[in-house]
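Hello,

I am passing on a structure that you have not worked with before. Please have a look at it below; my notes on what was found follow.

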Amino acid sequence: MNRLLVAALAASLLVPVAASAKSKGPSFSASSIKKTEKVEFSPDKAFDGLLSTSWAEDKPGQGEEEWLEVDLGEEREIQLVSVWGGAFSSAEDWSGRGRLADATLTLMNAAGEVVKNKAFEVGDRFARKDIRLGDPVAVQRLRITIDATHEGSIFADTHIAEIAFDFTERVDPAWEEAIAEKIEKSRSLKKVVEADPEEFKTLWAALKADEDYSANFKLLGARAVHGPDYRIELVQDEVPVGFRLQHLQFDETSVEKLGVLKDGNAVRYLETASAGAVLADDREWLSGAIVMFKAYQDLRKAVRVTLPNWGTTGLEQGALLGRGEPLSADIDSAGNLWVADTGNNRLQRFTAAGTADKVIGGTKTIVTDWFGEDGDPYASGSDVGDGPGQFHQPVAVAVGNYDIVATIDARLRMQTFDAEGAPKAQWTVTSTWSPRAGLGNGTPIITWLDDDFFVILKDEVLQYTAEGELKTRYNLEGGDVQAAVIAKGRLLVRHSGDREIIEYKPEDGFRQGKFLKKAVPEDGSEDWDLAADADDNLYIATDAGKIHKYNKRGRFVTTIDAFERGREMPRIAVSGPLILVVARDEIARVEQTE
Ligand SMILES: [Ca+2]
């Protein structure tokens, strides 16, 4: 594994920097030191080569004006100082504790003269901050003073996990050689090194057998972050202050083993490994792994037995997963709400009481397919598929006559089901257009009239029977459709960006004119959805949180507040006095009084 060793040997052109000339050694100091029963957050912890340890100040307040200092015991030429200005043992710990926001780097030479005094800003990212010094500077003492902090969400102490010099892949090969030599000379060390592969095998066997899992998992995680434990002391003995983290890089084999375990708890270790990785390629590789593990974390978390009624974000039955897409919904004659649960790749039926009593789809798993592209892995309530009752992101649903449920997915595959969810027909709509993720509004839309379903793609309308027979297709002269519904035998359309509702004849798309007597009130909205009730009243849900109601002659009736504040991409369904609006993985109910 050790790419660093390889890199180190390859960099043999470098002149060794007086590694043999052991001077009096470094000393550390700080304005204050936090101590707990278990840990002393002393300033040497910022130079031990480990991101899991840190110096922390202990002053009341956020730690402004506190400082830590190292005296290297000798002068060293430095061009770049890297600072991990927070607690980097995990991203969670990092955000819970104080982090550097503004700080000052002071460098002094052997004579104690200040050779550089540089203020620097640290963005609030779980990553190192590089401070370039320009020309190499001869440094014996280095001090970092806290000027301002990003406040920790839980603790007031401010941390510095590590400080490194010239943090690049080019390290002095003499140091790894010194480590190798030390191992060679010591019988006990040699034993430890030789036993390591076998110990690693034992650890792995125990993990696979689920023996003492959480303790062993921690061991594997720590090894993934900094490599085998025996190296820590060796590196601290043989590698000078400021260069140790380069020699305690992540361990690829352990990361891969974590991958085999598919345990989302690996995320914290990978985040720390990534933050400490020298090479950008490695950081990218680790970030990719983190996305995958986060998906496993979501998958593992999805075991709630009791869910709130009317939707919540998640994978369980009754939970919804929009992943930034709207969730189309419609109501059947029994008052059940059918939701196209896009991100979970399934359809769900909610009873009038708001519990999901039927799911069309498979079992939860990790999926990468997203709107026709191979994207980041995510946890889904159901696998994707092309069989009956399987979907690739269902994006629209409508319940027609005889409670036949029609749906279309991101691959434009239509499916119809009977009232109990048994598959009836499947077919794919042929079109040069296909839906894209992240656009958030508009088509595909399904609406219905008599026994037929009307599918709208952009500006095109296709009329199908419930068996999938195409009866007609035409384009609307008004252009792209953002929202549509059929009411009183008319296709009512909101074109993109418009505040009018245009009326068309469903059978041929002939334009009849404006439906509303007055345009929809300017409520600051962009995204709308339309629904009609049995009396052909029209309901317009807007992302301003409003529902504007019109009667069948297009006269304004009232405006109803669905949400206190605006909600992105609401999708509305109406049945009798009941209005249901799906937005942000939740279903809002509004009972009309009148
Ligand atoms: Ca440290």
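I begin with a pair of helices. Helix H4 (residues 187-208) packs with helix H5 (residues 213-226) at an angle of about 140 degrees, and their axes are 9 Å apart. Angles over 145 degrees would count as roughly antiparallel, so H4 and H5 are oblique to each other. Their crossing is left-handed. On the H4 side the contact is made by Leu 203, Ala 206 and Leu 207, and on the H5 side by Tyr 213, Asn 216, Phe 217, Leu 219 and Leu 220. By class, seven of the residues in this contact are nonpolar, one is polar and none is charged.

Please keep in mind that this is a predicted model. The chain has a mean pLDDT of 93, with 95% of its residues at 70 or more. Over residues 5-22, however, the pLDDT is below 50, and this stretch has 19 contacts in the model beyond near neighbours in sequence. Where pLDDT is low, the predicted coordinates should not be read in detail.

Some backbone details in the loops follow.

- Thr 443 and Pro 444 are joined by a cis peptide bond, with omega about 5 degrees. Pro 444 lies in the loop between strands S20 (423-428) and S21 (445-449).
- Arg 323, not a glycine, has a positive phi of about 50 degrees. Arg 323 sits in the loop between helix H9 (280-301) and strand S11 (329-331), and counts as partly exposed because it has 18 C-beta neighbours inside 10 Å.
- Asp 403 also has a positive phi, near 55 degrees. Its place is the loop between strands S17 (394-399) and S18 (405-409). With 16 other C-beta atoms within 10 Å, Asp 403 is partly exposed.

Regards

Note on methods. Residues are numbered from 1 along each chain as its sequence is written. This is a predicted model: local features need pLDDT of at least 70, side-chain atom pairs count only at pLDDT 80 or more; totals for chains, interfaces and linings use all residues. pLDDT is the predictor's confidence in each residue, from 0 to 100. Two residues are in contact if their C-beta atoms, placed from the backbone, lie within 7 Å. Axes are lines fitted to C-alpha atoms, for helices over the stretch in contact, and angles run from 0 to 180 degrees between N-to-C directions. Helices (H or I, at least four residues) and strands (E, at least two) are DSSP runs, numbered from the N terminus. Angles under 35 degrees count as roughly parallel, over 145 as roughly antiparallel, 65 to 115 as roughly perpendicular and the rest as oblique. A crossing is left-handed if the near helix is turned anticlockwise from the far one by less than a right angle, and right-handed if clockwise. Ala, Val, Leu, Ile, Met, Phe, Trp, Tyr, Cys and Pro count as nonpolar, Asp, Glu, Lys and Arg as charged, and the others, Gly among them, as polar. A residue is buried if 20 or more other C-beta atoms lie within 10 Å of its own, exposed if 12 or fewer, and partly exposed in between; C-beta atoms are placed from the backbone.
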